[in-house]
Structure formats: structure tokens, C-alpha cells
Amino acid sequence: MNAAAPPLALLAELTHRCPLRCPYCSNPLELERASGELDTDAWVRVFGEAADMGVLQVHFSGGEPTVRKDLERLVAACGALGLYTNLITSGVLLDEGRIAALAGAGLEHVQLSFQDSEEAGGDRIGGYKGGHAKKVEVARLVRKAGLALTLNMVVHRQNLHNLPAMIELAVGLDAHRVEIAHVQYYGWGLKNRAALIPTRAQLDEATAVVEAARQRLKGVLVFDYVVPDYYARRPKSCMGGWGRNFLNVMPSGRVLPCHAAETIPGLRFDSVSDRPLQQIWETSDAFQRFRGTGWMPEPCRSCDRREIDWGGCRCQAFAITGDAARTDPACELSSDHQRIVELAQTESDRAPPAFVYRGLGAGAARTEPALSEDAVPGAGRS
Amino acid sequence: MNAGVAIDEGSVPRFQPHMKLRFDKKRERWTILAPERLFLPDEIALEILRRCDGVATIGAIVDALAGKFDAPRDVIMDDVKKLVQDFAEKGVLYTKER
Ligand code: SF4
Ligand code: SF4
């Protein structure tokens, strides 16, 4: 059958709580509550099992992982296990003392997200007043503490005009690396697709800007660039293949092959509270369903790229076609490809609708750009 | 042109703080761990990378390898410079002048 080589990396979604409300947040529409989160001991046990299995890297993510008061302890536990630790954060809850504590615990890298190159756009898109200025300050503190820094820039039609300024911001803040990622359309991003999707011309211009900057800044700044699938000819190798390299552990302990996998109905997910991680990796229905090439329909089944891109993204196949077991429509060879092209063209040509900000309960999310901090869902411990 | 990576005999290559060369016991191979990325250096690359300790100059690394591998110094010099340049552009190493 589909024998599973051990995973390389574990994404620990410590919590879904976050003070920001990005309309492209990769968290599910149904956010998990604080009361259901794994406790410190459970996470430490999971990291131990992961290290035994052969996992090399742990990415602390969320939500906003720094909401967890035990983050330093979790970082230190991973360090003791020889795991590489990376913090993916919006930064707004960090201060100098906390950054020193995390550095002292052995944290090896910080990925700090920015919503735009400047305050007005950044605070509007993140739905959090004062967020941008705070991020700039936190970036400086991270570097001052001697920690390595990547800036994560999620780009879309409402901030692409500032792309050159975003790159300058990364240079100015002495980042080692910048990740420029076009929004991926599932979860909140799918809900807000019409407000986010760029035109083909905008995408081409962005790609040219990134390529020129990459050449110019060789040895100064490393670039990672993720293009939007809707304009691709071949899909990306999503997660490096389903159940091949990555595990994603949700705040409650459910284990997913990718953070969006729960958008696919009918998959059964197991929890670290019920079964050992290794068993879940090797036998869980969610992992076995699309692992390898056995599940593939044509044209993937007989395609010479089937072990390069693994048929693309299952969540995207489901989002567009209603069937997760079809070829990713991002692929030109898929009979659904025309649909994705038309969606992209029609939506990007129209004026963008208002954002549906991320919040607890998708239906209850506020649609107007409310900038006050007080109405922030999920910010406090419940 | 790019002034970021200029390498000569006196350059001192070292690892960026977030790039970790570690032995992967499960898979029995050396790995450079980086955020969202792994590099798997081959044997020759490993010989060079393990000497990038922030003290040794390119010249000293080449001397050590020339002694060990019995190959002409200028050939090794070319290889070492190329590799250091490449890993510097990938953000794994950086160099400072002595
Ligand atoms: S709301 Fe924004 S900052 Fe918060 S978890 Fe989602 S994408 Fe990250
Ligand atoms: S047909 Fe399938 S395997 Fe071939 S390129 Fe398209 S998605 Fe990849």
C-alpha cells in the first residue's frame, strides 16, 4: 500500500485566537475555542513523538501563537529534542521582554507577517488599529535580540501596488528573508476571493518586480515567492505531496495533512489525545486517502509529473469542483481548468467587494472595516 | 552589480544564525535546517561547510582541503569559492572580511 516515509516538519497550530482579522486568514471558518486547546504537557508529548518519528522542524503557528503563555516552554522543549524551531507570528503581542525570553529558550527563527508596506493599508487589511507600527517596532526588537527574521507579505489586489515598498521595508528592517505569497483561496481567502484576486496584468507586474529585486538583492535578502494557482499552468506541489512531508496539529489535537484539509467533507481525522502520532501518520484515514498516486484519476494517473506535483492541491480541487479526488483545476490538463481561469478573470475585473473579516462564526463576521481594538474576536482567554 | 556576495581568499565564511547544520539520525545524513527548507549537502560540500566556522579564511579552508585531498590548490580554490558564493546567495552562509 502507500507506505509512509517519516514526516520532516510539524506545523503546531497552538491556538486559533488572534487579535488580527485578516480576510485571507488560513484558519478554518469555524475557529476553535481556547477551552478546547491542548495543554502544555500534551504539546510536549506530541513534540517528543514527532522527534522520534524523524520530524526535524517545528513551526509554531496559529492563530497567534504568542497568545499562549507557555510558548517559551514549548520552544525550550523542542530545542532539547533537537528540533528546529520557527515562530510564525503577527507580532502585535510581543515586547522586548517576551522576545528575550523566546530567544533565551532557543528559538531559531521568526517569521513576522505584514499586511502592507504602510500603516493605513496594513491596519485596514489586518483589521487591527496600530498593528503596522507595532510590527515595525517588533521587527527591530527581534533583530536586536539577535534572532533571524523573515518578513511574510501576503499580497493581493488591494496591496500589490505597494510591493516595491514592501521589499524596501524588509531591507530596511534588516530581514534575512522575505516571503511574498499571493493569497491562496481556501478558508477565509476563498470567502474573500473577489476582494483579493489580482488581474493577470497585476500578477505579471508583481512577478517582474520580485524577479528584479531578487537579482538586485542577492546576498542581502533571500526571496520566496508563491504565485496564485488560478493563473498557473501546472499546480504547485501542495505540501510537497499529501502525507509526505508535513503534519499539521490543530489547537485541539486533531492531526491534518495540511491546514485546510478539514474543508474536505468525509475525511476522518484522528487526535493526538486518542492515538500516537506515528500511528496517525501511518494509518489515519485523512492521511491515507490521498497519499501517493493510487487515488489519482486521469489525467494525473498517466502523467509524468504525478510524482512531482502529486496532482496539486486536494482542497482546491474540492473548492472548485466539489470533488477532492479530481485533478487540481490549476492544472491546464484538467477539464476544470477553464472554470478557474474564468473565475479569476471575472472577479478580478470587477470592483472589489468589502472584506468579510475573520471572526468567530463566519456568519457573524463584520464586513465593514472596523478598526477599533475592542471588538476583536478571540483576543482574550475564554 | 551585486555587492552582497564578493568572495576572495581573505573572506571568512560563516553560517547565518538561523541555518543549522545537523545530523539527521533517522535518515542518517547531514542536513542544513532553514525556515521552511532543507538543504542536503553532498560529501564535498560537507567538507567545506564544516570548516565554515567564522574563523577560517577561504585561503585556510583551501589549504586544509588541499592537504587532505591531494588536489591542485587552484582547482580547490575554484570549488570552494563557487560553493561559498552559492550558499551565500541562498542565505545559508555570509562572509566578512578579515
Ligand atoms: S488573522 Fe491574520 S495574523 Fe491572525 S492568524 Fe489569521 S492571517 Fe495570521
Ligand atoms: S495532470 Fe495531474 S500530475 Fe499531471 S501536471 Fe496536471 S496535476 Fe500534475
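Student: In which helix of chain A do A:Glu49 and A:Arg45 both lie, and how many residues apart are they?
Tutor: In this predicted model, the side chains of A:Glu49 and A:Arg45 meet in a salt bridge, at 3.0 Å from N to O. A:Arg45 is partly exposed, with a relative accessible area of 38%. The spacing of A:Glu49 and A:Arg45 is about one turn of the helix, and both lie in helix α1 of chain A, 4 residues apart.

Student: Is A:Asp70 buried or exposed?
Tutor: A:Asp70 forms a salt bridge with A:Arg68, the closest N and O atoms being 2.8 Å apart. A:Arg68 has 5% relative accessibility and counts as buried. The cut-off for buried is under 20% relative accessible area. A:Asp70 has 9% relative accessibility, so A:Asp70 counts as buried.

Student: Which residues are linked with A:Arg68 and A:Asp70 in a network of salt bridges?
Tutor: The pair A:Asp70 and A:Arg68 forms one salt bridge. The network that holds A:Arg68 and A:Asp70 also links A:Arg17 and A:Glu37.

Student: How many residues apart are B:Arg73 and B:Glu9?
Tutor: B:Arg73 forms a salt bridge with B:Glu9, the closest N and O atoms being 3.3 Å apart. B:Arg73 lies in helix α3 of chain B and B:Glu9 in the segment before β1 of chain B. The pair thus links distant parts of the chain, 64 residues apart.

Student: How much area do chain A and chain B bury between them?
Tutor: The contact takes 28 residues from chain A and 22 residues from chain B. In chain A, A:Leu56, A:Tyr84 and A:Lys218 lose the most area to chain B, together 26% of what that side buries. With 54% of it on carbon and sulfur atoms, the area buried between the two chains is about 2,000 Å².

Student: How many charged residues does the shell around ligand 1 have?
Tutor: Ligand 1 is surrounded by residues including A:Cys18, A:Arg21, A:Ser90 and A:Arg358. By class, the shell has 4 nonpolar and 2 polar residues, and its charged residues number 2.

Definitions and conventions: Residues numbered from 1 in each chain as written. Chains lettered and ligands numbered in written order. Predicted model: local features only at pLDDT ≥ 70, side-chain atom pairs only at ≥ 80, totals over all residues. Heavy atoms only, no water. Near = heavy atom within 4 Å. Nonpolar A, V, L, I, M, F, W, Y, C, P; charged D, E, K, R; others polar. Contact = heavy atoms within 4.5 Å. Buried area = accessible area lost by both parts, 1.4 Å probe. Salt bridge = Lys/Arg side-chain N within 4 Å of Asp/Glu carboxyl O. Helix = DSSP H or I, 4+ residues; strand = E, 2+ residues; numbered from the N terminus. Buried < 20%, exposed > 50% of the residue type's maximum accessible area, 1.4 Å probe, protein only.
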